[in-house]
Amino acid sequence: MLKKYLFIFFLSMVPIIELRGAIPFAVNWELNYWTSLTVCAIGNMLPVPFIYFFARKILHWGADKKYIGKFFRFCIEKGERGGQKLMKRAGRGGLFVALMLFVGIPVPGTGAWTGTLAASFLNMGIRSTAASVSLGVIIAGIIMGVASTGVFSIFGI
């Protein structure tokens with residue numbers, strides 16, 4: 001059982017997969033949902049400070065490199081677009097809620113990694129970013145837990 005919890009913990013740290021991919025594993029393995037949500041949320045949040053403080057610097061450093069430049073430029077553009085989109089929709093005052101919802105709605109391209117990168121481009125501040133992303137991760141975990149248990153099938157979704 002510990003191996004399964006470790007698996008979902010580390011899976012939650014992986015970009016793109018994150019908690020959204022780990023929660024269905026936990027549900028499928030019939031692990032305790034609340035323990036799994038906690039483990040996955042911690043795993044998903046662990047990279048946030050590193051992303052916030054270092055990702056933008058690393059991306060700018062690698063943007064002009066021969067083999068990695070194209071991918072790094074793509075990531076910079078994605079982070080900038082995401083940040084601009086959030087700012088346009090929410091304004092500076094509503095940015096906390098907008099970021100929380102951006103991370104919380106589990107669709108491809110949103111999540112803690114992208115949300116944190118966008119927040120770093122907006123210079124949102126690490127405390128606000130961490131709090132907003134944390135709440136979004138919990139929302140996404142609840143949605144994925146409900147979806148993974150088949151509750152939506154009751155409504156024909």
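Q: How are the axes of H3 and H8 oriented to each other: parallel, perpendicular, antiparallel or oblique?
A: In this predicted model, local features need pLDDT of at least 70, side-chain atom pairs need 80 or more, and totals for chains, interfaces and linings use all residues. Helices (DSSP runs of H or I, at least four residues, numbered from the N terminus) H3 (residues 33-45) and H8 (residues 126-148) have axes that come within 10 Å and cross at roughly 140 degrees. Axes are fitted to C-alpha atoms over the stretch in contact, with angles from 0 to 180 degrees between N-to-C directions. Under 35 is roughly parallel, 65 to 115 roughly perpendicular, over 145 roughly antiparallel and the rest oblique, so H3 and H8 are oblique.

Q: Which residues of H3 meet H8?
A: Contact means heavy atoms within 4.5 Å. On the H8 side, the partners include Val133, Val137 and Gly141. The H3 residues are Tyr33, Leu37, Ala41, Asn44 and Met45.

Q: Is Asn44 buried or exposed?
A: Asn44 lies in H3. Its relative accessible area is 2%. Buried means under 20%, exposed over 50%, partly exposed in between (1.4 Å probe, protein chains only), so Asn44 is buried.

Q: With which side chain does the side chain of Asn44 make a polar contact?
A: Residues are numbered from 1 along each chain, and side-chain values use heavy atoms, without hydrogens or water. Beyond four places in sequence, Asn44 is in contact with residues including Ser12, Leu19 and Trp113. At 3.1 Å, its polar partner is Glu18.

Q: How many of the ten residues of H7 are buried?
A: H7 spans residues 112-121 and is largely enclosed by the rest of the structure. Its buried residues pack against helices including H2, H3 and H8.

Technical notes: Helices (H or I, at least four residues) and strands (E, at least two) are DSSP runs, numbered from the N terminus. A polar contact is a pair of N or O atoms within 3.5 Å; within protein, one must be able to donate a hydrogen and the other to accept it, and residues adjacent in sequence count only if both atoms are side-chain atoms.
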